[in-house]
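Trainee: I would like to learn how to read a structure, one feature at a time. Can we begin with helices?

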Amino acid sequence: MKKPIVVLGIGELGSVFSRAFLKNNYPVYPITRQTNIDELANTINPELILVCTAEADLQNALQSIPKQWKDRVAMMQNELLPRDWQTHNFTNPAVISVWFEKKKSMDSKILISSPTYGKKAQILVDSLALIDIPAHMLNSEEALLFELVLKNLYILTTNIAGLAIEKGATVDDLHNQYLDLMLDISSDVLKLQSALTGKTFSESDLEQGMIKAFQGDLEHKCMGRSAPARLKRALELAKMFNLSVPTLKKIGSKHF
């Protein structure tokens, strides 16, 4: 019997990963708000702990991870960057940039293969493969950072654009009918990503990556339910870093 895997947060994506781990013969222990995590840490020795909470709950979840588990953490949130976990003293955490979605009453929808990196990353790749979800290993922290920024660029650009264009617009509509707006939003978002990481990135490489993701599901709706919260968070961070983000501010002025 393999050592168990702990899944912190059993929402839609948490349930997908749990099924993948079970298919790979790992016992799964869920952590919900009712779970005493320190009590659990004294009773099991897990292979890894996957944090599947929403972005807004991430810091509380990471702070709750017991000291003896800090060498086996994996994360999968949107809007995730190294600054989110570096203060928690994890040892070589695994991170996966998730490019599939799961909503109630529908099966997983795959856009492109999900890149992952870190100590326990191969378990994620192997387990997801057993439920026909493609994922692949990266070979460096630099490659992981690029992939995280790419996912952030995709989700923030499409969600924020969805607040400014016709209701129900798709990523294909965004690319073909609102290209100037897409580029203006992505330029603001990239400024923010650079400030948050202290790094610069190739705009053309990121744009190509975003278009590839668009092609994975051309009918993907731009505006998810988290769009207003994402825009508000982006504006707050831009203010914190004293960044000029004129397009984000213009859209925000119509919503807040």
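**Reading the features**

Mentor: Keep in mind that this is a predicted model. Start with helix H7 (residues 179-197) and helix H8 (residues 203-216): their axes come within 12 Å and cross at roughly 120°.

Trainee: Why are those two values given?

Mentor: Two packed helices are described by the angle between their axes and the distance between the axes.

Trainee: What do we call the arrangement of H7 and H8 to each other?

Mentor: Angles over 145 degrees count as roughly antiparallel, and 65 to 115 as roughly perpendicular. The crossing is at roughly 120°, so H7 and H8 are oblique to each other. Their crossing is right-handed.

Trainee: Which residues of H7 and H8 make the contact?

Mentor: H7 brings Met182, Leu183, Ser186 and Leu190. H8 brings Glu203, Leu206, Glu207, Met210, Ile211 and Phe214. Sorted by class, this contact has 7 nonpolar, 1 polar and 2 charged residues.

Trainee: Now the sheet. What is the order of the strands?

Mentor: The order is E2-E1-E3-E4-E5-E8-E9. This is an open sheet of 7 strands, and the pairing is mixed.

Trainee: Which strands stand at the edges?

Mentor: Strand E2 (28-31) and strand E9 (135-137) do. Each has a single partner strand, so one side of each is left without a neighbour in the sheet. On average, neighbouring strands of this sheet are turned by 20° against each other, direction ignored.

Trainee: How do E1 and E3 run, parallel or antiparallel?

Mentor: Strand E1 (residues 5-8) and strand E3 (residues 48-51) run parallel, joined by 4 bridges. Look at Val7: it stands opposite Leu50 in E3.

Trainee: Which strands does helix H1 lie across?

Mentor: Helix H1 (residues 12-23) lies across E1, E2, E3 and strand E5 (94-96). H1 runs at about 170° to E1. Helix H4 (residues 121-129) also lies across strands, including E1, E3 and E9. H4 runs at about 150° to E9.

Trainee: Last topic: phi. What should I look for?

Mentor: Most residues other than glycine have a negative phi, and most peptide bonds are trans. Look for the exceptions. Asp132 has a phi near 65°, a positive value. Asn242 also has a positive phi, near 55°.

Trainee: Where is the place of Asp132, and is Asp132 buried or exposed?

Mentor: Asp132 is in the loop between H4 and E9. Its relative accessible area is 65%. Exposed means over 50%, so Asp132 is exposed.

Trainee: And where is the place of Asn242?

Mentor: Asn242 is in the loop between helix H9 (227-240) and helix H10 (246-253). Asn242 counts as exposed too, at 70% relative accessibility.

Key:
Residues are numbered from 1 along each chain as its sequence is written. This is a predicted model: local features need pLDDT of at least 70, side-chain atom pairs count only at pLDDT 80 or more; totals for chains, interfaces and linings use all residues. Side-chain values use heavy atoms; hydrogens and water are left out. Two strands pair if DSSP finds at least two bridges between them. Helices (H or I, at least four residues) and strands (E, at least two) are DSSP runs, numbered from the N terminus. Axes are lines fitted to C-alpha atoms, for helices over the stretch in contact, and angles run from 0 to 180 degrees between N-to-C directions. Contact means heavy atoms within 4.5 Å. Buried means under 20% relative accessible area, exposed over 50%, partly exposed in between (1.4 Å probe, protein chains only). Angles under 35 degrees count as roughly parallel, over 145 as roughly antiparallel, 65 to 115 as roughly perpendicular and the rest as oblique. A crossing is left-handed if the near helix is turned anticlockwise from the far one by less than a right angle, and right-handed if clockwise. Ala, Val, Leu, Ile, Met, Phe, Trp, Tyr, Cys and Pro count as nonpolar, Asp, Glu, Lys and Arg as charged, and the others, Gly among them, as polar.
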